[in-house]
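Subject: Structure handover

Hello,

Here is the structure for you to look over. Please open it beside this email; my notes follow directly below.

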Amino acid sequence: MNLEDIYVEEDLINFLNNLSNYGTVKSVKKENSTKKNDNFWYISLNDDWQNISNDIIETLKNIYYYQKSTSFTKNWKKLKQKLVEKNVINHFKDINQYEFYLEENPIGLHISIEKPKNGKKVIGKEVTFTIDEIKIVAQGLMGEPAMFNKDQYCCNRILIKVIINGFRNNDNNNNNNDDEIQALKRAHISIGFVGVENVNDHV
């Protein structure tokens with residue numbers, strides 16, 4: 001099955017679980033942070049994922065444009081009201097329909113993870129994972145632009161929750177330590193965003 005033929009969540013999950021699902025644990029200094037060791041931790045996804053990131057957005061449109069439209073409506077109205085209050089747009093009706101897009105960032109498609117207590121032990125290691133479920137969540141900072149593209153405004157995020165299975169290419173030295181894997185839990189991929197992809201197209 002190809003991505004363009006997918007119209008339900010279950011088929012998308014099955015498709016993604018048939019990719020080469022592994023990535024590398026990394027960290028990067030948070031943008032504009034002045035705190036020492038205030039890093040963003042993530043698992044950088046391999047080229048299988050990077051190469052289809054835009055195609056996944058088209059599939060999300062197929063799945064959610066009609067089926068989940070009511071779940072987006074409330075937050076879409078909140079976002080437009082915030083944009084009017086902040087003078088980003090002039091009128092509530094300047095933007096009629098929400099869009100599906102991928103937020104720009106310098107690290108590409110990735111799995112977000114909490115800062116592991118044993119960061120020095122896991123950084124640079126490759127891990128394998130399994131797609132668990134897809135969740136739609138409201139954007140926390142409604143009306144604030146995306147960090148790396150100030151023309152993007154989100155009302156809902158589409159997340160893929162993942163299960164970290166273990167370290168890739170495991171050897172006989174017990175490097176698949178359960179404590180290290182446990183430190184990488186509560187992981188997710190922000191696979192799509194709902195809102196305004198380019199506000200300048202509407203003003």
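Glu114 counts as partly exposed because its relative accessibility is 41%. Here, buried means under 20% relative accessible area, exposed means over 50%, and partly exposed is in between, with a 1.4 Å probe and protein chains only. Glu114 sits in the loop between β4 (110-112) and α5 (119-122). Its C-alpha atom is 7.5 Å from that of Ala187, although the two residues are 73 apart along the chain.

Some ground rules before the rest. This is a predicted model, in which local features need pLDDT of at least 70, side-chain atom pairs count only at pLDDT 80 or more, and totals for chains, interfaces and linings use all residues. Residues are numbered from 1 along each chain as its sequence is written, and side-chain values use heavy atoms, with hydrogens and water left out.

Overall picture

The protein has six helices and seven strands. Helices (H or I, at least four residues) and strands (E, at least two) are DSSP runs, numbered from the N terminus. In sequence order the pattern reads α-β-β-α-α-α-β-β-α-β-β-α-β. Of the 203 residues, 41% are buried. The accessible surface is about 11,500 Å², and carbon and sulfur atoms contribute 42% of that. Areas come from the Shrake-Rupley method with a 1.4 Å probe; for residues, only the protein chains shown count as cover. Contact means heavy atoms within 4.5 Å. Among contacts with a separation of 6 or more, 77% join residues 24 or more positions apart.

Which residues of α1 are buried? In this helix (residues 9-17), they are Leu12, Ile13 and Leu16. They lie on the same side of α1, because they cover an arc of only 100° around the axis. That arc is taken from the directions from the helix axis to the C-beta atoms. The cover over these buried residues includes α2 (47-50), α3, β5 (126-138) and β6 (153-167).

Now the pairing with α3. Two packed helices are described by the angle between their axes and the distance between the axes. For α1 and α3, the axes come within 10 Å and cross at roughly 155°. Axes are lines fitted to C-alpha atoms, for helices over the stretch in contact, and angles run from 0 to 180 degrees between N-to-C directions. The two helices are therefore roughly antiparallel. The cut-offs are under 35 degrees for roughly parallel, over 145 for roughly antiparallel, 65 to 115 for roughly perpendicular, and oblique for the rest.

On the α1 side, Glu9, Leu12 and Leu16 make the contact; on the α3 side, Ile56, Thr59, Leu60, Ile63 and Tyr64 do. These residues divide into six nonpolar, one polar and one charged. Ala, Val, Leu, Ile, Met, Phe, Trp, Tyr, Cys and Pro count as nonpolar, Asp, Glu, Lys and Arg as charged, and the others, Gly among them, as polar.

Ser53 also belongs to α3 (residues 53-64). It counts as buried because its relative accessibility is 13%. Beyond neighbours within four places in sequence, Ser53 contacts Leu102 and Leu109.

Val84 is part of α4 (residues 69-85). At 24% relative accessibility, Val84 is partly exposed. Leaving out neighbours within four places in sequence, Val84 contacts Ile89, Asn90, His91 and Phe92.

Asn87 is in the loop between α4 and β3 (99-101). Its relative accessibility is 65%, so Asn87 counts as exposed. Most residues other than glycine have a negative phi. Asn87 has a positive phi, near 60°.

Val162

Not counting residues up to four places away in sequence, Val162 touches Ile111, Phe129, Thr130, Ile131, Asp132, Ala187, His188 and Ile189. For Phe129, 33 residues away along the chain, the C-alpha separation from Val162 is 6.4 Å.

Best wishes
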